Amino acid sequence: MQVTLKNFTKTFDDTTVIDSMNLAVNDGEMLALLGPSGCGKSTTLFAICGIHRINGGQILFGDRDVSDVPSQKRNVGVVFQNYALYPHLTVFENIAFPLSVRGDSKPDIEREVRAIAALTHIEELLARRPAQLSGGQQQRVALARALVRKPDVLLLDEPLANLDAKLRLEMRSEIRRIQLETGITAILVTHDQVEAMSMCDRIAIMNKGEILQIATPTDMYRAPVNKFVAGFLGNPPIVMLEGRTSGDGRFLVKEGTSLPLPARLAGMPGDTPLSLGVRPEHFGAAGANRVEGTISFVEPQGRETLFDVTLDDGVVLRSIQPARDDVVFGQKVVWPLDAEKLLAFDVSGRAV
Amino acid sequence: MRTRTSLLGLAFVSPALALLFAFFLMPVVLTTVFAFTNMSTSTGITGGSHVITGNLLRDLGNAGVDDDIVAALSEGSFSVTPETLAAAAEAGVEPRFLGEIESSLMGQSFEDARSFESALKALPSRPTRIRDLKLATEPFERSILNTRYSSRAAMETAIASMVPDAPVDTVSAIAEASYTGWRWIDGGNFQTLLDRPETIRIVLNTVFYVAATLAFNVFVGLFLAITTFYLPKTGAGFFSVLWLLPRITPVVLYAVMWKWFTWDNGFLYVIAEQLGLPAFNYMKGSVPTAWATIILVNGFVGASFGMILFSGALRAIPVQQLWASEVDGASRWQQIRRIILPQLRWPILFVTSYQTLSLLSSYEQIWLTTNGGPGSTTTVWALEAFNTALNNYTGNLEYGMGAAMALILVAVGLILSILYLRMFRFDELVNKPRIEF
């Protein structure tokens with residue numbers, strides 16, 4: 001089921017949180033609404049499922065305009081951040097709830113609940129109560145309850161935020177597996193770029209109530225439309241250097257260092273103010289240009305090691321490399337910089 | 001070290017324990033003690049003395065004591081003995097007159113006042129005024145009637161001297177019956193309650209009152225809590241305060257307002273009259289309206305209590321659960337019925353049990369409004385106990401009987417509490433605080 005938002009506007013009292021947003025989620029796609037807290041991503045989600053009434057525009061499920069349909073009749077499945085399981089009901093009753101309020105027959109409910117429990121791997125938990133489950137199990141129950149009604153859209157509101165790191169990894173792939181197996185259209189709200197990138201077909205990145213870019217994770221990482229997107233994606237984050245073009249294919253950082261520009265920008269006129277983004281993986285691995293500096297920080301991360309390199313004039317570049325312990329704090333290094341992969345943004349923050 | 005710590009703890013707790021004992025346990029202990037006595041205004045709560053009264057003699061006669069003995073006890077006689085002379089000297093009878101009495105009448109006895117007075121009149125230095133003469137006879141009177149004896153032995157001696165041929169056990173029984181203080185009567189009060197025809201009526205009244213008021217409390221409380229829960233915030237605050245008024249209004253003022261509302265020429269009366277409906281004193285004019293008044297007066301107080309607790313519990317349900325039930329397709333009624341009410345189980349049980357106990361022992365509002373009337377149709381157990389022990393119209397307050405009635409109330413309350421605790425497994429509910437994320 002395709003979900004379309006047309007000029008969607010949401011205000012709380014006098015504050016406009018989202019102004020004329022347009023978004024289309026394709027049938028069977030899993031789309032992430034990614035952004036920092038307060039960017040309006042959860043508001044959008046709650047508007048889609050009908051918990052919040054919209055103040056302007058339209059929400060379409062397929063061709064059906066559901067803008068004024070109450071949430072009971074929208075046929076959406078929602079997984080809430082705190083799972084919102086009903087504590088007084090067993091797992092079975094929790095999952096059966098959407099079916100039993102609809103008035104399905106007992107054998108039907110039994111069959112559907114068993115089927116969805118098998119899909120989410122919680123068959124043996126059906127007799128327990130939510131309080132007797134671990135976080136990951138509660139997550140699966142919430143997912144089963146959201147899916148049991150065969151909703152048109154599955155909405156996930158920060159579903160992994162309350163899990164510990166290991167479970168988060170496990171549930172990430174589980175949710176994706178279940179979404180792919182059911183072929184349901186899903187929208188995932190998250191502030192975690194790794195979740196968004198690893199689970200979703202496409203990412204809609206939001207800031208201050210606005211969608212900045214919609215793209216596949218790879219495209220978005222490689223070609224962010226602006227500084228905000230470039231800064232939001234990537235861990236460890238990108239390093240932004242402010243400066244000006246020299247006019248001869250180089251970039252002069254305001255502290256004084258001169259770095260090469262990518263070939264596609266070599267023709268830029270001189271003295272144009274720019275921001276140059278250097279991702280850690282593009283410094284220290286490969287490339288034609290060599291940059292000299294002093295190791296000012298070392299962070300071993302097991303498989304990789306993260307370095308901060310301070311150049312002579314104080315500019316700090318970040319480098320991530322396969323684990324190595326031959327370089328130590330305070331050591332002078334000369335590492336390659338892959339100039340072609342550098343990202344450049346104009347004064348307004350747009351990519352150039 | 002451990003013992004020292006616990007001793008220190010005990011020392012710190014001891015003032016609280018002493019206060020607890022004085023103010024909480026002592027009343028219960030005293031009630032229990034009183035319940036097995038016949039204490040009343042006439043017996044007092046300290047000891048008494050032994051005295052034979054006219055009423056007692058009549059009761060003794062009715063109880064089958066020999067008429068001769070009763071007659072003998074009721075008679076008085078006058079005799080001149082060293083004791084009576086001494087008493088007369090003490091009472092201030094003129095010494096010369098006294099000397100003449102001693103010398104001429106010593107050892108004599110007179111059947112009645114008239115013969116003694118005529119004997120005295122023969123003496124030369126008799127008082128000139130008849131009144132003084134009559135006063136002078138008094139110390140010589142030997143009568144057991146209305147004379148106080150501080151101990152039982154003294155009473156027995158006195159009886160024996162009046163009726164020397166009376167059997168010993170009769171004397172002892174009379175002396176026993178002449179005691180004016182309170183005494184232990186074992187289960188006498190409870191037996192009396194069992195035998196009284198109005199007891200069953202009061203019990204039924206109490207059961208009806210508690211059940212009806214409780215139902216009103218819980219259902220109206222729930223209704224108010226749920227409706228205010230779904231109201232917009234500003235309106236909800238206003239209504240919460242409105243429903244709290246019965247609870248925060250001083251009880252007497254609240255009762256007076258109900259009087260204005262329901263009495264002759266009160267609010268309801270005037271409206272009913274305008275509409276051509278029967279207009280009368282609804283509070284005391286008929287049994288159904290009297291009951292309605294009592295149940296509403298108490299019901300609104302309790303309903304606001306229920307509402308506060310239920311509202312708190314409602315707000316404790318994470319809003320995501322309500323959202324989840326909505327997107328799961330539950331209508332508002334299904335949401336209330338299947339998500340909200342099951343989670344209000346604990347507060348509902350708490351209000352039910354707490355209100356049962358407090359309603360069982362409450363009488364203030366009834367006392368201030370219908371006062372159990374018309375007749376005793378709305379008299380409940382607690383009100384009857386209060387009236388018996390502390391508010392008797394004739395002035396004889398029956399502490400013992402009142403305490404017995406109160407003790408029954410305490411026992412019923414205890415049994416109900418235990419039942420509630422068992423039935424609702426409070427411990428289990430309390431032991432499992434659940435913080436849901």
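In this predicted model, the end C-alpha atoms of residues 344-363 of chain B lie 29 Å apart, and this span is 80% helix and 0% strand. The stretch is one of those that the UniProt record, an unreviewed entry, annotates as "transmembrane region" in chain B; the record lists residues 207-231, 238-261, 290-310, 344-363 and 399-421. Another of these spans, residues 238-261 of chain B, is 92% helix and 0% strand, with 23 Å between its end C-alpha atoms. The unreviewed UniProt entry also places a "domain: ABC transmembrane type-1" annotation on residues 203-420 of chain B. Over residues 203-420, chain B is 78% helix and 0% strand, and the end C-alpha atoms are 20 Å apart.

Is B:Leu222 buried or exposed? With 22 other C-beta atoms within 10 Å, where 20 or more are needed, B:Leu222 is buried. Once neighbours within four places in sequence are left aside, B:Leu222 is in contact with B:Gly306 and B:Phe310. B:Lys284, by comparison, is 62 residues from B:Leu222 in sequence and 30 Å away in space, C-alpha to C-alpha.

Helix α3 (residues 67-74) of chain B shows how a helix can present two sides. B:Ile69, B:Val70 and B:Leu73 in this helix are buried. Why do the buried residues line one face of α3(B)? Seen down the helix axis, they fall within an arc of 100°, so they share one face of α3(B).

Attention now turns to chain A, which has eight helices and 19 strands. Its C-alpha trace spans about 75 × 45 × 35 Å along the principal axes. Of the 352 residues in chain A, 42% are buried. Among contacts in chain A between residues at least 6 apart in sequence, 64% join residues at least 24 apart. Chain A is divided into domain 1 (3-226) and domain 2 (239-345), and 40 Å separate the centres of these two domains, taken over C-alpha atoms. According to the unreviewed UniProt entry, a "domain: ABC transporter" annotation covers residues 3-233 of chain A. Within residues 3-233, chain A is 37% helix and 26% strand, and the end C-alpha atoms are 25 Å apart.

One sheet in chain A can be followed strand by strand. Four strands form an open sheet in the order β2-β1-β4-β5, with antiparallel pairing. At the edges stand β2 (15-25) and β5 (64-65) of chain A, each with a single partner strand, so one side of each has no neighbour in the sheet. In chain A, strand β1 (residues 3-12) and strand β4 (residues 56-61) pair in the antiparallel sense over five bridges. For A:Val3, the bridge partner in β4(A) is A:Phe61. In general, strands of a sheet pair through backbone hydrogen bonds, either parallel or antiparallel.

Finally, the two chains meet. How many residues does the contact take from each chain? Chain A gives 19 residues and chain B gives 18 residues. On the side of chain A that touches chain B, β6 (76-79) and α2 (91-102) of chain A each supply at least two residues. The largest share of this side, four residues, comes from α2(A). By class, the side of chain A that touches chain B comprises twelve nonpolar, six polar and one charged residues.

Terms used
Residues numbered from 1 in each chain as written. Chains lettered and ligands numbered in written order. Predicted model: local features only at pLDDT ≥ 70, side-chain atom pairs only at ≥ 80, totals over all residues. Domains from an automatic or database assignment. Contact = placed C-beta atoms within 7 Å. Nonpolar A, V, L, I, M, F, W, Y, C, P; charged D, E, K, R; others polar. UniProt positions renumbered as here; feature names shortened; annotations may be inferred. Buried ≥ 20, exposed ≤ 12 C-beta atoms within 10 Å, placed from the backbone. Arc of directions from axis to C-beta. Pairing = 2+ DSSP bridges.
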